[in-house]
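Hello,

Here is the structure I promised to pass on. Please open it first, then read my notes below.

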Amino acid sequence: MSLTHFLASYLFAFLFWWGIALGCLFILMLQNLTGGRWGGLLRPILEAASRTLPVLAVCFLPVLIGASALYPWAQPGAATGLHQAAYLNPLFFMGRSVVYFTVWIALAWRLTREPARSVTALSAAGLLLYAFTVSFASIDWIMSLEPHWSSSIYGLLIGMGQVLSAFAFAIAVFCRRSALESSSKPSDLAGTFNDLGNLLLTAVMTWAYLAFMQVLIIWMGNLPHENPWVLARTAGAWRWAAIGLTVLQFAVPAWLLLFRSFKRRAPVLGGIALGLLMVHLLEVYWLVLPAFFPSGPRPSVWDLALPLAIGGVWLWAFGWQLRRRPLTDAQAREGFDHG
């Protein structure tokens, strides 16, 4: 297996865990602005995940080091014919990546040290910074794998995927923790589980809308420089991945989350959230790997080993942070009362 194949697998594994951490930071800022009792219960999980961003910054180093093997424009002289040549160069790419992580880590550090009511202004500014930085990071780290292709909705779609995976992760962890919480019964939290299920359904529907709109716009435009992105992701066995995403990340969870009885039971809601998380891993794989293998997937052992390796490091950091944030704080008790 080539170095490029290894780095492609590494990039997709990194992007999956990066999306969960950054999505948790987004939800944390959103909850600081909107309030809502559901946030009190998820807050320790969201804060713990947000605080893992320094670990992910270290995990990103192999991507920076191997940029010339991953990105066609990073090879000597390759960007000369591109109209984005002034933007796509290795030194500027590295500088932007440093800026992105600096902004995210600074936001996570400040937002997790202060009470929610004292950081509402920072959360509002942070949401704007999130929108800009995630859009540009999506362009730099994923879209530029195919530098001749562009999409104005791509950053929004990647951001929505992060929010969906973060909600799924936080809900799965919360359902597990609630089962171990000796001071409350599952029936005490039924209302909260129902609210979380509704939020998860909203995230699923919004992601599906944006994904459909991107394909629809490309299909209606029918432009030669836009079509190859869709054609590469529907060629050969990639077609089945696209169908699987439509069914398993939209149709099935949307149908299950319509049932109130499913959303009010922690094992069922946690199972749906965990399933969505696994399918999102397939989505990130489907977004990244066709840029290297447009005729069809070429699975390797690294496609499994690297998500487990990066995930192991990330989950260790997350668990360490979560143990420092007990679930039964004052905001969590509000959630129990609500349930």
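Helix 9 (residues 190-221) and helix 11 (residues 238-256) have axes that come within 9 Å and cross at roughly 140 degrees. This is a predicted model, so treat what follows as a reading of a prediction. Angles over 145 degrees would count as roughly antiparallel. Helix 9 and helix 11 are therefore oblique to each other. The crossing of helix 9 past helix 11 is left-handed.

Who makes the contact? On helix 9 it is L201, V204, M205, W207 and A208. On helix 11 it is L245, Q249, F250, P253 and A254. By type, nine of these contact residues are nonpolar, one is polar and none is charged.

Next, the core. The largest nonpolar core holds 112 residues. F14, Y71, W104, W141 and V288 have the most contacts inside it. Helix 1 (residues 3-34) supplies the largest share of this core, with 20 residues.

Take W104 from that list. Beyond its neighbours within four places in sequence, W104 is in contact with W18, L22, L25, L53, T133, V134, A137 and W141.

Last, S97. It sits in helix 6 (residues 90-111). Is S97 buried or exposed? Its relative accessible area is 2%. Buried means under 20%, so S97 is buried. Leaving out residues up to four places away in sequence, S97 touches F60, L64 and W141. F60 is 37 residues from S97 in sequence, yet their C-alpha atoms are 9.1 Å apart.

Best wishes

Technical notes. Residues are numbered from 1 along each chain as its sequence is written. This is a predicted model: local features need pLDDT of at least 70, side-chain atom pairs count only at pLDDT 80 or more; totals for chains, interfaces and linings use all residues. Side-chain values use heavy atoms; hydrogens and water are left out. A nonpolar core is a set of buried Ala, Val, Leu, Ile, Met, Phe, Trp, Tyr and Cys residues joined through side-chain atoms within 4.5 Å. Buried means under 20% relative accessible area, exposed over 50%, partly exposed in between (1.4 Å probe, protein chains only). Helices (H or I, at least four residues) and strands (E, at least two) are DSSP runs, numbered from the N terminus. Contact means heavy atoms within 4.5 Å. Axes are lines fitted to C-alpha atoms, for helices over the stretch in contact, and angles run from 0 to 180 degrees between N-to-C directions. Angles under 35 degrees count as roughly parallel, over 145 as roughly antiparallel, 65 to 115 as roughly perpendicular and the rest as oblique. A crossing is left-handed if the near helix is turned anticlockwise from the far one by less than a right angle, and right-handed if clockwise. Ala, Val, Leu, Ile, Met, Phe, Trp, Tyr, Cys and Pro count as nonpolar, Asp, Glu, Lys and Arg as charged, and the others, Gly among them, as polar.
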